[in-house]
Amino acid sequence: DGDVKKALALIAKADVLVEGFRPGVTERLGLGPDVCHAENPALVYARMTGWGQNGPLSKAAGHDINYIALAGALDAIGTKSSGPVPPLNLVGDFGGGGMLVAYGICAALLPAKISGKGSVIDAAMLDGAALLMAMPFGLKAQGLWPSGRGNNLLDGGAPFYGTYKTSDEKWVAVGAIEEPFWQALIQALELDAEVLKHRMDRTYWPQITALIGEKIASETLGHWEARFEDFDACFAPVLSMDQVADHPHSAERRVFQLVDGVTQPAPAPRFNGMVPDVAPTDVTAVGYQSVLSGWS
């Protein structure tokens with residue numbers, strides 16, 4: 001009871017509470033939404049889970065890969081010859097999870113400040129991953145996403161949106177969807193075969209992909225980087241985590257920063273043109289009284 005009272009004393013002065021337990025845990029601890037809102041009616045109570053607060057799987061264990069599997073995202077990622085390929089844990093944990101709960105918190109804070117009434121956010125990684133699939137679902141409804149990995153506009157099926165290997169076993173990424181970029185691409189590659197006129201016809205995609213792949217495979221990555229400097233063709237080298245900080249564009253923008261000898265992505269987005277520094281991590285234990293006095 002003493003610890004619950006301490007927690008509620010902090011909650012009474014907080015704008016937001018974020019909890020990531022399975023449904024029902026905070027209620028069992030005596031810190032559920034009703035109890036917290038009795039102490040602080042304007043509190044934004046954000047609940048972060050994989051499956052959501054209700055449903056047959058709500059209390060089941062899971063990880064990013066499981067949530068995106070049920071959202072349709074995992075099935076859509078991969079090549080024709082591969083099974084579903086996990087996109088790290090970017091789609092469920094971060095894109096459909098952390099970023100959407102942060103967005104929900106921002107959306108809830110304004111009305112809470114105006115009305116004095118908070119809200120409860122049910123942020124499920126399953127829901128978020130499904131939402132991130134809105135565009136593929138829309139394309140599918142239009143008949144533009146026939147299904148099957150590696151057969152579609154944005155999954156590497158189209159010859160103008162995918163990756164190609166160079167002669168030195170490196171890779172380049174091509175995203176020349178729109179016609180001006182496509183024309184720049186084939187000009188840079190010095191290709192003029194008649195089949196290139198049929199780039200939007202899926203029946204020609206394997207042939208065009210082979211043509212572009214053979215050309216890119218004939219030269220090194222360095223050659224193509226130099227070649228494409230004069231062409232606005234949606235071209236980029238595929239860089240490893242060991243290489244990204246040295247790219248001229250990222251270096252000028254300080255997209256990556258060195259902190260205690262460790263390369264880390266810088267905070268984003270940026271506000272008012274300021275280049276943010278990576279905040280130092282302080283894992284020093286802070287006493288309850290110190291926190292409470294700091295918020296008073």
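1. A residue is called buried when its relative accessible area is under 20%, exposed when that area is over 50%, and partly exposed in between. With these terms, Glu 194 is exposed, and Lys 197 is exposed as well. Their side chains meet in a salt bridge, with a distance of 3.3 Å from N to O. The model discussed in this note is a predicted one.

2. The next topic is the salt bridges in general. Side chains of opposite charge can pair when their charged atoms come close. In this model the count of salt bridges comes to nine. One of them joins Asp 75 to Arg 149, whose closest N and O atoms are 3.1 Å apart. Asp 75 belongs to helix H5 (residues 73-76) and Arg 149 to the loop between H8 and S4, so this pair ties together parts that are 74 residues apart in sequence.

3. A salt bridge is also formed by the side chains of Arg 199 and Glu 179, at 3.1 Å from N to O. This pair links distant parts of the chain, since Arg 199 lies in the loop between H9 and helix H10 (205-216) while Glu 179 lies in helix H9, 20 residues apart. The two partners may be compared by their accessibility. Arg 199 has a relative accessibility of 5% and counts as buried, whereas Glu 179, with a relative accessible area of 40%, is partly exposed. Elsewhere, salt bridges that share partners join Glu 19, Glu 27 and Arg 47 into one network.

4. A pair of aromatic rings is described by the distance of the centres and the angle of the planes. The model holds five aromatic pairs. In one of them, the rings of Phe 160 and Trp 182 have centres 6.2 Å apart and planes at 80°; because an angle over 60 degrees counts as edge-to-face, the pair is given that name. Phe 160 is found in the loop between helix H8 (134-141) and strand S4 (161-165), and Trp 182 in helix H9 (residues 179-188), so the pair ties together parts that are 22 residues apart in sequence.

5. Are these two residues buried or exposed? Phe 160 has 0% relative accessibility and counts as buried. Trp 182 is buried too, with a relative accessible area of 1%. Phe 160, Trp 182 and Trp 205 form one aromatic cluster.

6. Phe 228 has a relative accessible area of 6% and is buried. Phe 235 has a relative accessibility of 19%; this value is under 20%, so Phe 235 counts as buried.

7. Strand S2 (residues 44-49) is mostly covered, with six of its six residues buried. In a regular strand the side chains alternate between the two faces of the sheet. In S2, Val 44, Ala 46 and Met 48 point one way, while Tyr 45, Arg 47 and Thr 49 point the other way, and all are buried. Arg 47 is also part of the salt-bridge network with Glu 19 and Glu 27.

8. Which strands are joined to S2? Strand S1 (residues 16-19) runs parallel to S2 and is joined to S2 by four bridges. Within this pairing, Leu 17 has Tyr 45 of S2 as its bridge partner. Strand S3 (residues 119-124) also runs parallel to S2, with six bridges between them. Here Ala 46 stands opposite Ile 121 of S3.

9. A further sheet is open and has three strands in the order S4-S5-S6, with antiparallel pairing. S4 and strand S6 (235-237) stand at the edges with a single partner strand each, so one side of each has no neighbour in the sheet. Neighbouring strands of this sheet are turned by 20° against each other on average, direction ignored. S4 and strand S5 (residues 171-175) pair over five bridges in the antiparallel sense, and Lys 165 has Trp 171 in S5 as its bridge partner. Helix H10 lies across S4 and S5 and runs at about 40° to S4.

Methods: Residues are numbered from 1 along each chain as its sequence is written. This is a predicted model: local features need pLDDT of at least 70, side-chain atom pairs count only at pLDDT 80 or more; totals for chains, interfaces and linings use all residues. Side-chain values use heavy atoms; hydrogens and water are left out. Rings of Phe, Tyr and Trp (its six-membered ring) pair if their centres lie within 6.5 Å; planes under 30 degrees apart count as stacked, over 60 as edge-to-face and the rest as tilted. Helices (H or I, at least four residues) and strands (E, at least two) are DSSP runs, numbered from the N terminus. Buried means under 20% relative accessible area, exposed over 50%, partly exposed in between (1.4 Å probe, protein chains only). A salt bridge is a side-chain nitrogen of Lys or Arg within 4 Å of a carboxyl oxygen of Asp or Glu. Two strands pair if DSSP finds at least two bridges between them. Axes are lines fitted to C-alpha atoms, for helices over the stretch in contact, and angles run from 0 to 180 degrees between N-to-C directions. Contact means heavy atoms within 4.5 Å.
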